[in-house]
Amino acid sequence: MSVSGIRIRICGKVQGVGFRPFIWQLAHQLQLRGEVSNDSAGVEIRLLKPVSLDALTEQLRRDCPPLAHIDSLSVDYFVWQTAPQNFTITDSRHSRMNTQVVPDAATCPACLQDMARPTDRRFNYAFTNCTHCGPRFTLIRAMPYDRALTSMAQFRLCPACEREYYNPADRRFHAQPIACPHCGPCVSATLHHGDVLAQDEAAVAQAAMAIQAGKIVAIKGLGGFHLACDATQQAAVLRLRQRKQRPTKPLAVMLPDISWLAQCSDIHAQGRLRERLQSPAAPIVLTAKNPRSPLCAAVAPEMDEIGLMLPFTPLHHLLMQSCQTPLVMTSGNANGCAPALTNETGRDQLKDIADLWLLHNRDIVQRADDSLLRVTEHGSEMLRRSRGYVPDALTLPAGFDSPYPLLALGGERKNTFCLLRGNQAILSPHFGSLTRSDIASQQQQAIAHFQQLYDCTPEITVCDAHPDAVSYCQAQRPTINRMAVFHHHAHLAACLAEHSWPLDGGRVVGLALDGLGYGEDGALWGGECLLVDYLHCEHAGGLPAVALPGGDCAARQPWRNLLAHWQAFVPDWQKRSEADTVLSHPWLPLSKAISAGINALRASSCGRLFDAVAAALHCAPASLSWEGEAACRLETLARSAQGALHPVTLPLLHTGKQILLDLATFWRQWLNWQAAPAERAFAFHDALAQGFAGLARHQARIHGVTTVALGGGVLHNRLLRQLLPHYLAPFQVLMPQQVPAGDGGLALGQAVIACARLQHPGFSLTHKDYHDKP
């Protein structure tokens, strides 16, 4: 005899987060009969009638586990062939993948209590976790999320762990990484040749002693390695910098616990900092330095902010408890190399950097760098979206529903890719520069892994429009359709998508400010005002194009950009007092090359303008050791004089064909104004913000637009993020926050532009009107 029932289908982040035991406990509380199971589409609940659906669905949404998130919940009828006598959890079933993979989560308070309790069998165990915390994304090999399909498959559960694993009332029920000292992974301290010096607690103690003695320790974590040393020992930090060939780039610092925050950060930001640092994502958070910080000056030289983080795995907690001092915790890779992921690669690649290795025997399936965000009084902004946030799916704005799955390959630097299907976009972790073959190889492996994980084979590949871009070449596959997108269109589309700008929301004025990107008719853009929607990108003015003397060398040597700007806009530059910045270099051959157009492509680059001003103020080295160094130093200098009155402007110049910002007037006024370097640095930022805001307002009035979107890596400048919205009032200003403003967000922008084209009634893959093309 058949008996009627109800079937509830739930999609979202509902696997690996304790969702099924939550349903089991709720069903017993409500005295329901039926079953719950995982499959590749999410979670399915089958219930025997009668069921109070309204009460049940309300509790499902209100009380779901902390790491869970319900994207959709649907109900239909179900016929039971045999009436269930109770409520059970059944085995996972395979079907079309439509659920989300859960990001790695920092160790929860309950697990920390287990680790701290001497009578607990997980006392001081470096791989303690439960359904509310621990590794997820970095150990998944395939879906559905079951232990056999993770890197924990090799560790057979002991009887005690097995009892917890199969007990729905236990918080470790079906926690796939569940382990204890008797059956789980272990830690070892080794030298570079692999000889084991100590294991487990003794290994952590040996690593702590090495760090306290000024040594450098390589630590295998969740999604890669860290290099650690004592952040209060100047000699140790300088030794790390020398070995890693990282002379000045700021280093992240891990605090032993939250009580250290007051000593190391600005007191005004500590409330917002605590929330981010103690979140399950546990990112690195940039904040203003405490001038009385115990951290040594070598951690972040010439900077007014510091990147802080808290321990996020049990292993890191144990090490920090042993050291009881802040540690530098920077990426575990040799200069320019892809991060190490295996014990063998870690020992080999880091043999000239580390003195000791703290390793474990659980495989890293997927790379995940530390995420990086900034917290200010104006809100937070994501600079690098990776561990703890990836691979959370982003729901696209109203109107988006792609008819084909697609893959957006992102940019060449700070690379991420994006898999899009339907109205969901899944951004990858950060990879860095694809110009290195080992990093490009990691990216390609990750693309294949994502496609397998999400059971999604893209029919269209989206790439940057520059014909020399790595992604453009990657997309040249005969079996798949390629679509090209302008770099700056993608920046602005990513901002629109983040702010849920609907597909039919109309045009906005966009300001795209960065180093370099491919634009209309082969132009090199970097400081543009654009009229955009998801389908169209129309140039509406910006910075004038200036030579890049020496090509890529201009991005590394700021004085070259100063020469190019002065040669274009300051006829008497050699008579200026600031001219020594250029005259001390072999400038004359370069000047002739600029005039002849030899190896001196012209670009309207905002980033190179920052370099030029930094060189003029002597706040940047002759040769940069990291991308953005000159701009960051210039911003730090400017912030020390924020609000200074000045006579400097960057007015609009109507040329007949277009509206440009008048750099000749800017340079004349700026050079003639004799003030302190910090005041001149602020004047540049303020004039730049007023100039671009004036251009955006002008175009908005002409075209009847009330919204301005911002994008590009220059928008990570804190001063510009304050000044631009101020000068753009009362327009609605959309600013990147949850997705990086720089190239880390390009893939999302590429994906939504491609999706908009695919949904357009007149679109076909051969319709060139919808392709940004070289």
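This chat goes through some salt bridges in the structure above.

Q: Before we start, what kind of model is this?
A: This is a predicted model, in which local features need pLDDT of at least 70 and side-chain atom pairs count only at pLDDT 80 or more, while totals for chains, interfaces and linings use all residues. Residues are numbered from 1 along each chain as its sequence is written, and side-chain values use heavy atoms, with hydrogens and water left out.

Q: OK, how many salt bridges are there in the whole structure?
A: A search of the whole structure finds 32 salt bridges, a salt bridge being a side-chain nitrogen of Lys or Arg within 4 Å of a carboxyl oxygen of Asp or Glu.

Q: Which residue does Glu305 pair with?
A: Glu305 forms a salt bridge with Arg718, their closest N and O atoms being 3.5 Å apart. The pair links distant parts of the chain, 413 residues apart, with Glu305 in strand 12 and Arg718 in helix 22; helices (H or I, at least four residues) and strands (E, at least two) are DSSP runs, numbered from the N terminus.

Q: And is Arg718 buried or exposed?
A: Arg718 counts as buried at 7% relative accessibility, where buried means under 20% relative accessible area, exposed over 50% and partly exposed in between (1.4 Å probe, protein chains only). Glu305 is buried too, at 11%.

Q: Switching topic, where do Asp355 and Arg243 lie?
A: Asp355 lies in the loop between helix 10 and strand 14 and Arg243 in helix 6, so their pairing ties together parts that are 112 residues apart in sequence. Their side chains meet in a salt bridge at 3.0 Å, N to O.
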